[in-house]
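Look at the sequence and the model below.

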Amino acid sequence: MADTGDSEARVVVRVQPNVSGLDRQFDYLVPPNLRRRLALGSMVRAPLHGRRVGGWVVEIDPDAALGAGAESLGVPLKEITKVSGVGPPRDLIELSAWAAVRWAGRSRNFLLAASPHRNVESLPDSQRTGRRPEPTSPASASLLADGGGVLRLPPTSDPLPAVLTAVGTGPTLVVTPGVDQAMLMGARLRRAGLSVAVMPDGWAAAAGGVDVVIGSRTAAWAPC
């Protein structure tokens with residue numbers, strides 16, 4: 001979020017704490033010196049019950065600030081103390097809220113899956129090549145042209161042509177049964193001249209932009 005230069009203007013953010021067993025969100029003020037680095041999805045630290053905890057910014061300037069009730073009782077909003085780094089983009093934040101309702105779970109668990117394992121200060125430039133390497137799969141091309149579907153392959157069949165066909169349509173997310181398969185497929189895709197981010201270590205590159213994001217099941221929550 002850009003700093004407007006008006007230190008008097010209040011900026012309120014809604015934060016989902018990264019605390020086990022706590023599925024509530026709290027409102028905080030953003031001090032002027034942190035506004036330039038802060039954005040939706042930013043990973044921050046904020047005071048909660050006498051200690052500083054990590055969390056995610058899930059709303060900026062919410063329409064109905066939860067802290068309004070506390071302030072009306074003379075209890076001022078507390079300030080976030082640090083912007084730790086880049087976090088999940090808007091679409092994954094919205095997806096986590098939907099998934100928490102759909103599966104009666106905690107949004108914190110989904111946000112954890114959608115976040116980098118280490119602090120990411122900034123995103124790298126896009127590494128997308130736009131290449132459309134061969135070989136491709138006619139069956140996959142037909143499915144994609146019709147809006148998608150299920151492609152059944154024999155156990156010994158090579159999935160690479162199906163993946164390359166998908167890459168020809170734009171940035172592609174590939175989910176494999178395990179990390180080993182993801183690393184092997186990632187190496188083959190790089191040899192084909194594509195930019196690849198293998199999750200979870202490749203989170204920053206995936207968020208910055210690559211041809212293929214690949215990983216095991218939690219890669220379904222990777223930025224792409």
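**A sheet and a pocket**

The model is predicted: local features need pLDDT of at least 70, side-chain atom pairs count only at pLDDT 80 or more, and totals for chains, interfaces and linings use all residues. Residues are numbered from 1 along each chain as its sequence is written, and side-chain values use heavy atoms, with hydrogens and water left out.

Now the sheet. Three strands form an open sheet in the order β6-β8-β7, with parallel pairing. Strands (E, at least two residues) and helices (H or I, at least four) are DSSP runs numbered from the N terminus, and two strands pair if DSSP finds at least two bridges between them. β6 and β7 (196-198) are at the edges with a single partner strand each, so one side of each has no neighbour in the sheet. β7 is joined to β8 (residues 212-215) by three bridges, and V196 stands opposite V212 in β8.

β6 also belongs to the pocket: four residues, the largest share of the lining, come from this strand. α4 (138-145), α5 (160-167), β6 (172-175) and α6 (179-191) each supply at least two lining residues.

Helix α5 contains P161. Leaving aside neighbours within four places in sequence, P161 is in contact (heavy atoms within 4.5 Å) with P135, T136 and S137.
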